[in-house]
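Subject: Structure handover

Hello,

Here is the structure I promised to pass on. Please open it first, then read my notes below.

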Amino acid sequence: MKVLYKVFPAFLVCLFHASVASAAMSVKPVKAFAPALIPSIDLFAPHYRDVGAHDLPPTFGLPFLDLAISRKPVDLLDLPAERQHVISKSREVGAAALSDRSSEVLLTSFGKDRRVEEKARSLVEHLSRSGSISFATPRERDAVIAELSLTDKSQARLHFDQADKNPGSVVDLLVVRAHNADRARFYLETLERTKSLHFRMLPEFFRNFSVIPGEISFPDPLANENNAVSRLMDKNGGYILFAPGTPVSVTYKNERTPGPSAFVSVAGPEIQNRIRMLCACTHEYAHLLFNRVVMRGAETPAPAAITAYRPLSEGFAVTLELLANERAVAHPDKLGLSEPDANDLKTEAESRIRWLKHENNAYTEGWLQFWRPIYEKNGTAGMVEFLHRIDSKRLLGIPLGTLSYQLLLDRDTRHRLEALTIFSSRRKP
Ligand SMILES: [Zn+2]
């Protein structure tokens, strides 16, 4: 790699000086981080107090969201008039069950071996007692219980969209949705916390995205770091897909329970589930920022994973994740973090760093070789400036392992950043 520098020194030096000299003039002095300006908030205050499954945002392909209660007028269906009323009424029961937190507790307490009719009766009685639903006559109530108990795909479809994927009675579907609503609530809360953390701790980078939660599963449940992944939908928003069960499934109920760190290969101390997922989400939100700026909102092509794009994007996400974490730990009072919260954040950052050194992969390269030196040299202003100069086409044109990429990994930090500047900067128009 040194040889190439000797072959084209004038070319490199010239390009380097041209781009860096102009960049140096435009780089503003690093703004000191001013924690005093951050208004205090409680990061973990609930945003979604009484979320019911039907309150969740609609989206595609996401198992816990695609069972939206059908708003189709019943008269579209070719049904006898007296049956339409029972269906309307049992939909009301469904909606009440999904928006009532205590009925979710009731639903989740249904034993698997209980008969469907018993479950339906117990649900209806609970909702009647709590005043969420009322019936004109005992006969109407019995008709609804019978309706909810029927086990038939088409039956379920009368009550829910896309329910034909889920055979079983309506009351069984309600149980599934109740479980999912609790997990979905956790996702929604985590996204709000992530945005708050970015907004408070990384104001230099912050962009307000509309983020939709979803779920994804990985073939290897022990896949490192994959607690979540993100995708940009368009320039205004994206989605963050959570991996339930990696390494443990988190819901709103067990979010404070200690669980394994995301970085299983370096097995650190256990931390609260919600802190692990917050760190994972902070990383994913940084990817959305990177893709918004570098890809200008365009879809990232799949082969990006084997080009310089990968270490640059992963390194950026890791650097922001660690920076947010470090700042949060330094100012726990600003975020209303308890001592255990701050300790857990610190522990997860330490595990992340041990993991980076242990794995020595694209994340490590991007963090240690590129973004950290930029940060150390010019702070976050240097990172922002560099981010805006990256040309995605040029990054995607440098496959990992090629000579061009090797140039980026020069032992000398200065040479490395020079090569990075040359190989990744947008050409001047
Ligand atoms: Zn990542």
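**The sheet**

Three strands make up an open sheet in the order β1-β3-β2, and the pairing is mixed. The edges are β1 (210-215) and β2 (228-234), each of which pairs on one side only. From one strand to the next, the twist averages 25°. Please keep in mind that this is a predicted model.

Take the antiparallel side to begin with. β2 pairs with β3 (residues 237-242) in the antiparallel sense, over six bridges. The two strands form a hairpin, with two residues between them. R231 has Y239 in β3 as its bridge partner. L232 is bridged to G238 in β3. V229 stands opposite L241, also a residue of β3.

Now the parallel side. β1 and β3 run parallel and are joined by six bridges. Here P213 has I240 of β3 as its bridge partner. In general, strands of a sheet pair through backbone hydrogen bonds, whether parallel or antiparallel.

**The whole protein**

Stepping back, the protein has 16 helices and five strands. It has 429 residues, and 39% of them count as buried. Among contacts with a separation of 6 or more, 74% are between residues 24 or more positions apart.

**The cores**

Which residues have the most contacts inside the largest nonpolar core? They are C281 and L320, in a core of 70 residues. Helix α9 (residues 273-294) gives the most to this core, namely 12 residues. Leaving aside neighbours within four places in sequence, L320 is in contact with L202, F205 and A286. Another core lies apart from the largest one. This other core has 19 residues, among them V93, A96, A120 and V171.

**A bent helix**

Have a look at helix α13 (residues 362-389). With 28 residues, a straight helix would reach 40 Å at 1.5 Å a residue. The end C-alpha atoms of α13 are only 21 Å apart. Where does α13 bend? The bend is at N378, by about 125°.

In α13 they include W367, F370, W371, I374 and Y375. In α16 the buried residues are L417, E418, A419, L420 and S424.

**Two residues to check**

The first stop is N360. This residue sits in the loop between α12 and α13. N360 has a positive phi of about 50°, although it is not a glycine. Is N360 buried or exposed? N360 counts as exposed, because it has 11 C-beta neighbours inside 10 Å.

The other stop is R426, in the segment after α16. R426 is partly exposed, with 14 other C-beta atoms within 10 Å. Which residues does R426 contact, leaving aside neighbours within four places in sequence? They are R389 and D391. R426 and R389 are 37 residues apart along the chain, yet their C-alpha atoms are separated by 5.7 Å.

That is what I have for now. Over to you.

Best wishes

Definitions and conventions. Residues numbered from 1 in each chain as written. Predicted model: local features only at pLDDT ≥ 70, side-chain atom pairs only at ≥ 80, totals over all residues. Core = buried A, V, L, I, M, F, W, Y, C linked by C-beta atoms within 7 Å. Buried ≥ 20, exposed ≤ 12 C-beta atoms within 10 Å, placed from the backbone. Helix = DSSP H or I, 4+ residues; strand = E, 2+ residues; numbered from the N terminus. Contact = placed C-beta atoms within 7 Å. Expected span 1.5 Å × (residues − 1). Bend = angle between axes of the 7 residues up to and from the residue. Pairing = 2+ DSSP bridges. Axes fitted to C-alpha atoms, helices over the stretch in contact; angles between N-to-C directions.
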